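Notes below, in the order I looked things up.

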Amino acid sequence: MKKLFTKILPFLVAFLSGIILYLLTDKFISDEGLNNLLINVASGLVSIPLVFIFYDVINKITSRKLHNTLFESVSVDINNQLTLLIDFICDLLQMKKPETLSELDDFLELENSEIYQKLQIKPIDEQVLRDIKTELTNIIHKPSTFEILTEKQISSLLNIVKEITFLIKNLNSFVDKKGKHKKIISLNIEYIIENILVWIENGKKEALRNHGRFSMSKVNKDS
């Protein structure tokens, strides 16, 4: 709204100037020729800015609708990948995959000590993580993404991609289940969860909490 006001401010000034000029001319200028000239100038100062003001306002409304549509589309794609990532982490932690909002909240509240205790290192399908990383990277680097997501949202997604890279590397090089590597992997998972939470908290209309799997589960429980 502030940007819109700044954009139309010059037109508002011209519009008000036209109104003031018309009032002053009507009251103080008695010469017919000069009066007509100034009235015509005042009419132009009023009518032309109005056209641009209406154009900018309508364009703003249309752009906002398009922005919301694009945001919802991008959010759905991102949330699908984050849901797959949550499922993968739950497999590592030997946890039930969250199917309700309450279970999702429990997952997002996991602390490092809990993650470390639950973590069970086992052979993994590395391609699953790589596919998630690739999809998130492709979404982030679309030109439209930078226009519709906030700085915090983009930052959270970049952090998730970075931690996925580290997680793949650390899972592949894991040797001692009770050693230093397990602590590093638990930290990778903790950072991923923290950034998923940042993504949710900075969401607008389509946060992960509204993902189909969780919202449908809530409906099924309530019915």
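**Helix pair**

I started with helix α5 (residues 126-140) and helix α7 (residues 151-172), which pack at an angle of about 155 degrees with axes 10 Å apart. Axes here are lines fitted to C-alpha atoms, for helices over the stretch in contact, and angles run from 0 to 180 degrees between N-to-C directions. So α5 is roughly antiparallel to α7 (the label applies to angles over 145 degrees).

The contact (heavy atoms within 4.5 Å) involves E126, L129, R130, I132, K133, L136, T137 and I140 on α5. From α7 I listed I154, L157, L158, I160, V161, I164, T165, L167, I168, L171 and N172. By type I get 13 nonpolar, 3 polar and 3 charged residues; Ala, Val, Leu, Ile, Met, Phe, Trp, Tyr, Cys and Pro count as nonpolar, Asp, Glu, Lys and Arg as charged, and the others, Gly among them, as polar.

**Source notes**

This is a predicted model, where local features need pLDDT of at least 70 and side-chain atom pairs count only at pLDDT 80 or more, while totals for chains, interfaces and linings use all residues. Residues are numbered from 1 along each chain as its sequence is written, and side-chain values use heavy atoms, with hydrogens and water left out.

**Whole protein**

I find 9 helices and 0 strands, taken as DSSP runs (helices H or I, at least four residues; strands E, at least two). Of the 223 residues, 34% count as buried, meaning under 20% relative accessible area with a 1.4 Å probe, protein chains only.

Terms used: Parallel < 35°, antiparallel > 145°, perpendicular 65-115°, else oblique. Buried < 20%, exposed > 50% of the residue type's maximum accessible area, 1.4 Å probe, protein only.
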